[in-house]
Amino acid sequence: MTPGDTITVCGGGNGAHALVGTLLLRDETTHIRLYLPLEDERRRFANALSSHSSFEVRVAGEAYSVASDRIRVTGDPEEAVLSPIMIMVVPAFAHGAILSQLAPYLTKENTIAALPARSGLEYQAWDILGKVGQNGCVLVGFQTLPWACRIKEFGRSVIIHGTKNRVGAACLPKKEIEEKAKVFSTLLGMDVIPYRSMLELSLANTGQLIHPGIMYSVFRNRRTEIFPSEDEVPLFYASVDDEAAEFLSRMSDEVLTIKDTVEQERPGFKMPSVVHLSQWLLEAYGDGIKGTANLARMFQTNQGYQTLSVPVKKVDSGYQVNVKVRYLTEDLPFGLLVTKGIASAVGVETPTIDEVITNTSAWIGREYLVNGRLVGRDVIITRAPQRYGIDSLEGLVR
Ligand code: NAD
């Protein structure tokens with residue numbers, strides 16, 4: 001990456017707006033190719049750009065402006081791959097479509113990143129791109145989106161509510177990670193922590209535990225409750241009580257058992273970023289957590305969690321928990337199901353994770369597990385390794 005290079009951003013949602021703004025603000029010579037395969041969205045973005053000369057980023061109470069003629073919208077995959085670095089900032093369900101569109105044109109000159117990757121990206125990318133990590137392009141997966149952000153005005157401005165200090169990333173081929181971490185640290189303006197493998201990235205995905213885990217352990221008996229006003233909608237993370245924390249802790253322990261099993265079977269294969277939820281919370285939020293006595297207190301006193309309510313839908317007499325949200329529609333098929341698949345491939349039982357998957361998938365009309373086995377009709381839409389014919393430790397590591 002040299003000054004003046006053009007970067008391709010794939011996506012036009014909240015995260016893509018934040019990424020476009022961040023990249024342009026960080027280096028005044030950077031230009032963006034914005035790859036938007038969805039025709040309507042492409043037209044809307046192009047219209048917004050043609051009617052305004054600036055793109056605004058609001059962060060930490062300040063508004064910054066960049067010239068919007070540094071953004072060029074395209075729907076042509078052949079043009080999208082002209083940038084050495086391409087970053088997909090879309091929900092995980094869109095990775096497959098974008099990778100398939102770009103696949104015919106990608107070469108070893110391209111680095112394609114997913115921000116965030118969620119879990120199992122490597123199996124899907126291998127399936128679609130074939131030679132990824134060998135003679136083909138380099139694949140980079142990020143553990144999380146570094147911002148909490150919302151579009152303020154489509155194609156014109158974005159609000160970044162919060163920025164993480166650091167973000168983990170893994171790479172295929174593995175040997176490129178140190179160099180890619182440096183490149184992306186500079187681009188994003190934050191520490192990019194190199195992970196040793198994509199398997200580590202998949203298992204270190206904490207959203208897969210926290211989101212479905214809280215939906216199930218805290219809200220399973222409150223799904224039909226009506227909250228008369230918005231003010232009465234309960235907080236999401238901060239509603240974790242002792243019982244729910246104990247449940248989340250068990251889910252996390254099951255992931256640690258998978259990690260330990262892999263590390264024992266493959267001496268030298270280490271996944272240091274796969275840690276217990278409580279350790280992850282302390283590392284990710286640090287001083288933002290006021291009470292560290294136990295996991296429940298950490299959720300209840302994390303300052304970053306104090307305004308985030310459980311997702312709801314409007315009903316006649318008020319609001320009701322909405323289960324058809326990314327906490328389940330994304331974190332199950334592109335998170336917990338991948339972990340379940342990895343567990344199954346290495347022979348680890350995951351009764352708590354199974355309980356969450358079985359129950360919450362039924363809420364959203366999906367069938368992933370049957371009697372604890374990955375044979376449900378909807379496994380085909382997940383990134384569980386078995387869906388790609390991988391069902392052994394050897395296959396996972398390869
Ligand atoms: P979003 O809903 O705003 O993004 C949707 C965008 O994805 C669309 O605008 C479109 O550009 C693209 N897209 C959807 N379907 C597509 C398809 N079939 N083909 C091509 N493109 C398609 O989502 P977001 O808020 O930008 O979040 C992106 C990811 O980051 C998600 O995984 C989300 O869970 C995660 N995340 C977001 C936030 C946040 O604050 N926004 C915070 C943490 C994590």
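Some ground rules. Residues are numbered from 1 along each chain as its sequence is written, and side-chain values use heavy atoms, with hydrogens and water left out. Since we have a predicted model, local features need pLDDT of at least 70 and side-chain atom pairs count only at pLDDT 80 or more, while totals for chains, interfaces and linings use all residues.

I will start with the ligand. What surrounds the ligand? There are 22 residues around it, and the closest are Gly12, Gly15, Glu41, Arg326 and Glu330. A residue is taken as near if one of its heavy atoms lies within 4 Å. By class, this shell has 12 nonpolar, 5 polar and 5 charged residues. In that scheme Ala, Val, Leu, Ile, Met, Phe, Trp, Tyr, Cys and Pro are nonpolar, Asp, Glu, Lys and Arg are charged, and the others, Gly among them, are polar.

Two elements, α1 (14–26) and β9 (147–153), each supply at least two residues of the shell. β9 gives the most, with 4 residues. Helices (H or I, at least four residues) and strands (E, at least two) are DSSP runs, numbered from the N terminus.

Next, the polar contacts, meaning here pairs of N or O atoms within 3.5 Å. A polar backbone atom of Gly15 is 2.7 Å from an oxygen atom of the ligand. For a backbone N or O atom of Cys149 the distance to a ligand oxygen is 3.0 Å, and for a polar backbone atom of Gly13 it is 3.4 Å. Taken alone, the ligand exposes 840 Å², and the protein buries 80% of that; these areas come from the Shrake-Rupley method with a 1.4 Å probe.

Now the backbone. Which peptide bonds are cis? One runs from Leu115 to Pro116, with omega near 0°. Pro116 is in the loop between β7 (111–114) and α5 (121–129). That loop between β7 and α5 also holds Arg118, whose phi is near 60°, a positive value in a residue other than glycine.

Another cis peptide bond joins Leu172 and Pro173, with omega about -5°. Pro173 has its place in the loop between β11 (166–172) and α6 (177–188).

Methods
A polar contact is a pair of N or O atoms within 3.5 Å; within protein, one must be able to donate a hydrogen and the other to accept it, and residues adjacent in sequence count only if both atoms are side-chain atoms.
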